[in-house]
Amino acid sequence: MIRKIDTFLNFRQLIARSVYYNRQMSLDVGTHLKAVRQMYGLSQRELAKRAGVTNGLISLIEQNRVSPSVSSLKKVLDGIPMALADFFTLDIGDQPQVFFSRQDLTDIGTAGVELRLVGSRLPKRSMSILHERHAPNSDTGEEMLTHAGEEGGVIVKGRIELSVGGESRVLTAGDAYYFKSSIPHRFRNPGREECEIVSASSPPTF
């Protein structure tokens with residue numbers, strides 16, 4: 001029984017080595033390791049400390065000055081931690097966008113109300129984050145809004161009149177709100193200056 005287990009383990013090791021060397025021929029291991037390390041926010045020194053190797057080894061691998069063995073690369077990846085299979089199959093170019101310039105934020109608002117949505121093209125978002133700008137005397141419409149979920153926000157500047165159910169209040173810079181979106185609600189800017197709000201809702205309705 002022990003011999004059968006040893007044979008099975010050796011077979012798996014042979015497969016791992018075969019996959020490793022075949023992928024290594026088409027993958028720049030050093031550049032890929034550097035990209036993965038930076039994606040996890042680790043310095044060479046921190047990764048080396050976690051993996052129990054010298055930061056000089058990490059540097060040599062990333063510069064492609066040494067070609068690591070399966071066991072050496074596995075030891076380095078254990079410091080992340082990440083499996084060999086995940087390392088070789090991870091496509092750095094397919095990582096979701098993290099940072100967004102103002103030009104990346106899609107405006108889904110209407111006349112007088114600018115609603116710039118963060119990450120509009122991200123698949124399977126769990127929430128909506130909006131940078132809102134309400135022009136003077138603008139509102140979200142005479143009909144009250146209702147939808148599933150919850151929403152909240154902070155007034156950055158200006159004033160906004162928020163009506164939720166049978167209650168209304170004028171909020172100013174620094175004030176905030178949070179309520180169940182199934183309660184009828186409406187936003188109106190009664191001031192003479194633009195009102196700016198950063199808000200979020202979950203689940204996403206935009």
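At what angle do helix α3 and helix α4 pack, and how far apart are their axes?

View 1. Helix α3 (residues 44-51) and helix α4 (residues 55-62) pack at an angle of about 115°, and their axes lie 8 Å apart; axes are lines fitted to C-alpha atoms over the stretch in contact, and angles run from 0 to 180 degrees between N-to-C directions. Helices are DSSP runs of H or I with at least four residues and strands are runs of E with at least two, both numbered from the N terminus. Q44, R45, L47 and A48 of α3 meet N55, I58, S59 and E62 of α4, where contact means heavy atoms within 4.5 Å.

**View 2. The open sheet of six strands.** The strands follow the order β1-β2-β3-β9-β4-β7 with antiparallel pairing, and two strands pair if DSSP finds at least two bridges between them. Because β1 (106-107) and β7 (176-180) stand at the edges with a single partner strand each, one side of each is left without a neighbour in the sheet.

**View 3. Strands β2 and β3.** Strand β2 (residues 113-117) pairs with strand β3 (residues 128-134) in the antiparallel sense over five bridges, and the bridge partner of R116 in β3 is H131.

Residues are numbered from 1 along each chain as its sequence is written, and side-chain values use heavy atoms, with hydrogens and water left out. In this predicted model, local features need pLDDT of at least 70 and side-chain atom pairs count only at pLDDT 80 or more, whereas totals for chains, interfaces and linings use all residues.
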